[in-house]
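Subject: Structure handover

Hello,

Here is the structure we talked about handing over. My notes on it come after the model.

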Amino acid sequence: MRAQAIPRPALLATIFVFNFIEFLQSGMVVFASAATMGHVGASPEEYALATGLYAAVAVVAISQMSACVQRFGWRDFMLGSALVSALGAWTCAASTSLFGFAAGRVLMAAGGGVFMTAARMMVNFIPPSPARIIGIASFGAALSGGLALASLAAGTLVGAEAWSGIFLLLATLALLGGALAWRWLPNGADTLDASPSRFDLGDSLALGGAAFLLLYGLQRLVYDWHRERADVLALVGCGLLLAVLFYARHRRRPARFLRLEMLRSPRYRTGLLIFASCYTLLGMFNTVLPQLVQRVLGVPLQQAGELQAAGMALGIPVFAAMLLVVRKHPHATKFYVTGFLALAAFGWHFAHLDPAAQPWRSVAPWIGLFGTFVILAMATTALHSFTDFQHDNVLFSNAQQLKNMLGQVGTALGAGYGGVLLQDRGALHGERLAEQASVGGAVLLQQGSLLAGIDVFLLLAVTGVVGAVLLAVQRRFD
């Protein structure tokens with residue numbers, strides 16, 4: 001079957017399912033990280049190791065996507081990726097130790113790391129025309145829907161003491177994606193059928209090693225700054241050296257698996273910076289908000305998931321409205337300013353959260369502001385960052401791959417830094433409160449968490465204001 005022969009509903013369903021899996025799994029895993037650490041008996045430092053492994057393997061898998069599609073065809077590549085991802089999710093569900101969980105996450109990264117990138121490239125099965133917006137709509141609906149449902153699903157399953165259900169759900173969805181790929185995707189490398197790229201084991205190992213050492217080192221830097229600073233800085237330094245080695249070697253290859261000339265585009269480089277910021281803030285949000293809501297407002301994890309899902313659901317109509325506006329008024333500035341001001345308002349509100357407030361009035365509607373920020377900032381950047389590469393599908397795919405590789409690292413870093421920042425600031429404020437007053441342990445924990453949350457959300461508020469100002473004066477996307 002050729003791409004042009006795929007029925008439109010089947011293509012849109014395939015795009016939706018694969019992108020939905022990516023945002024559902026990333027949201028659920030981060031939201032349930034505390035429960036996961038308890039289930040597999042891992043400390044935060046040990047869990048950071050598993051997170052680093054997942055991100056590093058995902059980076060390598062994403063980097064090889066175009067080369068793999070060129071050799072195996074869309075159908076076989078996506079079917080194989082879905083089966084490996086499903087096996088990894090099942091391994092995680094059955095795990096009772098850190099080793100088993102980490103092994104499952106590595107398999108999930110090897111198979112499922114490409115899902116988002118592949119889903120976006122499937123949009124290009126629709127010939128360049130106004131009809132392509134339908135594919136983009138399916139892709140965006142999966143993004144906003146996955147963000148909204150991730151916390152609800154994770155909170156419900158963990159609350160019901162069915163932690164493994166998180167990964168069994170992901171395995172089921174991966175199998176569904178595999179079935180759609182087997183039935184409807186083309187046998188060939190449609191849209192990527194240029195001269196085949198070449199695999200290079202040395203470059204792949206350098207890229208994966210750089211991603212792991214940088215991510216693990218940067219996460220450990222927060223834990224061990226006062227204890228093992230030299231060792232951790234050495235890890236980061238080795239990661240940087242490997243990254244430089246990869247770049248120096250790979251750009252000289254005649255048929256490389258990741259073309260890097262897109263980095264010459266100022267528009268694309270700006271887009272990468274915005275994407276990295278969005279992914280980092282999303283990882284921080286998914287880590288900090290559930291802990292703050294539970295500790296400060298005293299709600300259980302399941303209700304925290306419901307509150308977050310209700311708020312993030314606002315992203316769905318926001319994306320629909322954006323699609324209507326962008327057709328006649330495509331300039332980016334208004335979307336960026338609106339999105340970053342929404343982030344600033346979100347941060348300011350939660351920095352002044354009243355512990356006695358009613359959760360459904362003081363939490364859920366305001367979470368919608370963060371959902372608005374994510375949708376407007378990421379969708380706007382996606383629409384404008386890749387316009388220099390529309391004439392070359394392989395270069396366009398490589399640009400998407402590099403962006404999503406950076407996204408894996410950004411999400412993991414945001415989640416790690418969010419948890420550590422909340423823990424560190426909470427401990428600091430707890431010590432100061434204990435020195436000033438004689439209060440019970442529960443009250444001390446609540447007040448320390450509240451003050452730590454204020455610090456984090458004020459940081460988000462400032463980020464929103466700075467982002468709005470900087471992007472109000474940008475001209476690369478207008």
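Confidence

Please keep in mind that this is a predicted model. The mean pLDDT over the chain is 86, and 90% of the residues score at least 70. Of the elements, helix 8 has the highest mean pLDDT, at 97, while helix 17 has the lowest, at 76.

Second largest pocket

The volume of the second largest pocket is about 690 Å³. Its lining is made up of 31 residues, and those closest to the centre are Arg120, Ile133, Ile136, Ala382 and Leu383. Two or more lining residues come from each of helix 6 (115-122), helix 7 (132-159), helix 13 (315-328), helix 16 (364-385) and helix 17 (393-436). Helix 16 gives the most, with seven residues. Sorted by class, the lining of this pocket holds 20 nonpolar, seven polar and four charged residues. Note that helix 17, which takes part in this lining, is the element with the lowest mean pLDDT.

Cavities

There are three cavities of 30 Å³ or more in the structure. Helix 1 (8-31), helix 4 (65-94), helix 5 and helix 8 each contribute at least two residues to the lining of the largest cavity. That lining has eight nonpolar residues, four polar ones and one charged one.

The structure holds 22 aromatic pairs. In one of them, Phe101 and Trp163 are tilted, with 6.3 Å from centre to centre and 45° between the planes. Phe101 belongs to helix 5 (residues 98-112) and Trp163 to the loop between helix 7 and helix 8 (165-184), so the pair ties together parts 62 residues apart in sequence. Phe101 and Trp163 are both buried.

Phe346 and Phe350 form another pair, with ring centres 4.9 Å apart; their planes are at 55°, so this pair is tilted as well. These two residues are four apart in helix 14 (residues 333-351), which means that about one helical turn separates them.

Two arginines sit over rings. The charged end of Arg105 is placed over the ring of Tyr54, 3.9 Å from its centre. Arg183 lies over the face of Trp184, with 3.9 Å to the ring centre.

Backbone angles

Most residues other than glycine have a negative phi. Two residues to look at here are Glu161 and Thr191, each with a positive phi. Glu161 has a phi near 60° and is in the loop between helix 7 and helix 8. Thr191 has a phi near 75° and is in the loop between helix 8 and helix 9 (201-224).

Are these two residues buried or exposed? Glu161 has a relative accessibility of 77%, so it counts as exposed. Thr191 has a relative accessible area of 16%, so it is buried.

Regards

Methods:
Residues are numbered from 1 along each chain as its sequence is written. This is a predicted model: local features need pLDDT of at least 70, side-chain atom pairs count only at pLDDT 80 or more; totals for chains, interfaces and linings use all residues. Side-chain values use heavy atoms; hydrogens and water are left out. On a 1 Å grid over the protein atoms alone, a cavity is a set of points where a 1.4 Å probe fits but cannot get out, and a pocket is an open set with protein on both sides within 12 Å along at least five of seven lines; lining residues have an atom within 4 Å of a point. Grid points are joined across faces, edges and corners, and a volume is the space filled by probe spheres set on the points. Ala, Val, Leu, Ile, Met, Phe, Trp, Tyr, Cys and Pro count as nonpolar, Asp, Glu, Lys and Arg as charged, and the others, Gly among them, as polar. Rings of Phe, Tyr and Trp (its six-membered ring) pair if their centres lie within 6.5 Å; planes under 30 degrees apart count as stacked, over 60 as edge-to-face and the rest as tilted. Buried means under 20% relative accessible area, exposed over 50%, partly exposed in between (1.4 Å probe, protein chains only). A charge sits over a ring if NZ of Lys or CZ of Arg is within 6 Å of the ring centre and within 35 degrees of the ring normal. pLDDT is the predictor's confidence in each residue, from 0 to 100.
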